[in-house]
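Thanks for coming, everyone. Please look at the structure on the screen, and we'll walk through it together.

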Amino acid sequence: VGSTLWVRKREVRAEMVSRGSYGSGGLLTGRFHARKLTPSVITFYTIFIFAFSIIVFLFYVRNISLDQDPRRPFIYRQSNSQQVPELHVHDKQQLWDSPFNHGLHQCVERTTKYKAAKGFNRYLTVRSNGGLNQMRTGISDMVAVAHMMNATLVIPQLDKRSFWKDSSVFSDIFDELHFIQSLKGDIRIVSELPKNLEGIPRARKHFTSWAGFGYYTDMTRLWSDYQVIHVAKSDSRLANNDLPLDIQRLRCRAMYQALRFSPPIENLGKRLVDRLRSQGGRYIALHLRYEKDMLSFTGCSYGLTDAESEELRILRENTNYWKVKAINSTEQRIGGFCPLTPKEVGIFLHALGYPPSTPIYIAAGEIYGGNTHLSELSSRFPNLIFKESLATSEELKDFTNHASQTAALDYIICVESDVFVPSYSGNMARAVEGHRRFLGHRKTINPDRKGLVGIFDMVETGVLEEGKELSQMVQRMHKNRQGAPRKRHGSPPGVKGRARFKTEESFYENPYPECICGSKSKLEIT
């Protein structure tokens, strides 16, 4: 019996072990068999662990290579022994690229309702006033005025009494035959008043500034008493806005197509552009308004000596046609009404990221103070180019003492530049910017002179050093000031009456939307 019971116990124990229900060892054995992995699951986990290890390894190696790779692009600029912020290849390209133009294009075609002027027995004579670009915009306006008044336009007389005292006549600066022929579908233009009309009485008018279509329609009543109307001033005689579309497009045809420069100016201008391209490919055209007359007229003496400031004050006092005599230079600068100094231009271009080797064409007259002030720019950007160094003395001899003709050379080189930077928003700066917009929104960087004053003062006092922080501040400030497409600005809010006309953006500074068109589905510019 005893042996039988012992055998029976062994059989029961064996059965319990086989079912996984005996003690802790049995329980573990049972759980293990319940969670047994299939071959496919084991394969998946193996691949996952291997892939994760590879990713970790590559990430670690990449960090080491970035820290040690000597080919990483660093650019250094020597300016007061300070290191210039790093520029990557993509950033360098952005320095030169024009803004995206959204498929916009020129549109100066006449509408189906347009009719040419037929006033063959009524004549408009004009005396253009101001410098080259003031005269160009004024002449373009007079083309539109002649059309609105149904008159024949006599080739305008140019200003010979302004600061520059240029004796040039119309055909010295402009291609007169081209001007007449290109506008024959709009108005009749003659070189001079018919001999039989030279001695007859004529109406002499100072047309109202920024006048509209209704004003000139009303002026046609003068034809009942006069056959000739003489316009004493041509600048700013036509409104920027609220004119018929055909009149606005006529202004563009006159400005950008008809007023072509004379063959000697056009040919030399193109040769000089080719020489600039052959020297370095891309170049900046800098309109550096730091001439004696500009500083005196604006009353800006920041950075000048006491003797220089007094010299400018005396010039302003003795120039009769400059009406404002007492000017607070500090208030002018704080308000953003002063041209940037050569030193400020250097800091500005430096902060934007342009390297010191950048070719910079200086479009300007004689810089006030000569190399004393210009050296503050050339110390940062030594590759400064003037027309006198670009052209031979033989090429320039016919332009000597003709400021408007040499200004025309500057105009051509500025319009054709890769980047245009005006140090002051004068007549030329506005005209060049508008022309570049018309040609496809070529890159034009407009310094925020008012916003930059505080930055320049911090640099001058040592609160802010030239470097990464300064660059970031300047670049943020000018992100949307590089000539991208936008509609022309009206007057600021709150400006009422005739004062609003003076504060509007000039039509020739931005001829969009009348002369620049695009599909609304592609772009909605505000």
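Start with helix α12. On one side, D306, A307 and N318 are exposed, meaning over 50% relative accessible area with a 1.4 Å probe and protein chains only. On the other side of α12 from these, E308, L312, L315 and R316 are buried, that is, under 20%.

What do the buried residues of α12 pack against? They pack against α11 (292–298) and α15 (371–378). Contact here means heavy atoms within 4.5 Å. Helices are DSSP runs of H or I, at least four residues; strands are runs of E, at least two; both are numbered from the N terminus.

A word on the source. This is a predicted model: local features need pLDDT of at least 70, side-chain atom pairs need 80 or more, and totals for chains, interfaces and linings use all residues. Residues are numbered from 1 along each chain as its sequence is written, and side-chain values use heavy atoms, without hydrogens or water.

Now the sheet. It is open, with four strands in the order β9-β8-β7-β10, paired in parallel. Pairing takes at least two DSSP bridges. β9 (384–385) and β10 (419–422) are at the edges with a single partner strand each, so one side of each has no neighbour in the sheet. Four bridges join β7 (residues 284–287) to β10. There, A285 has F420 as its bridge partner.
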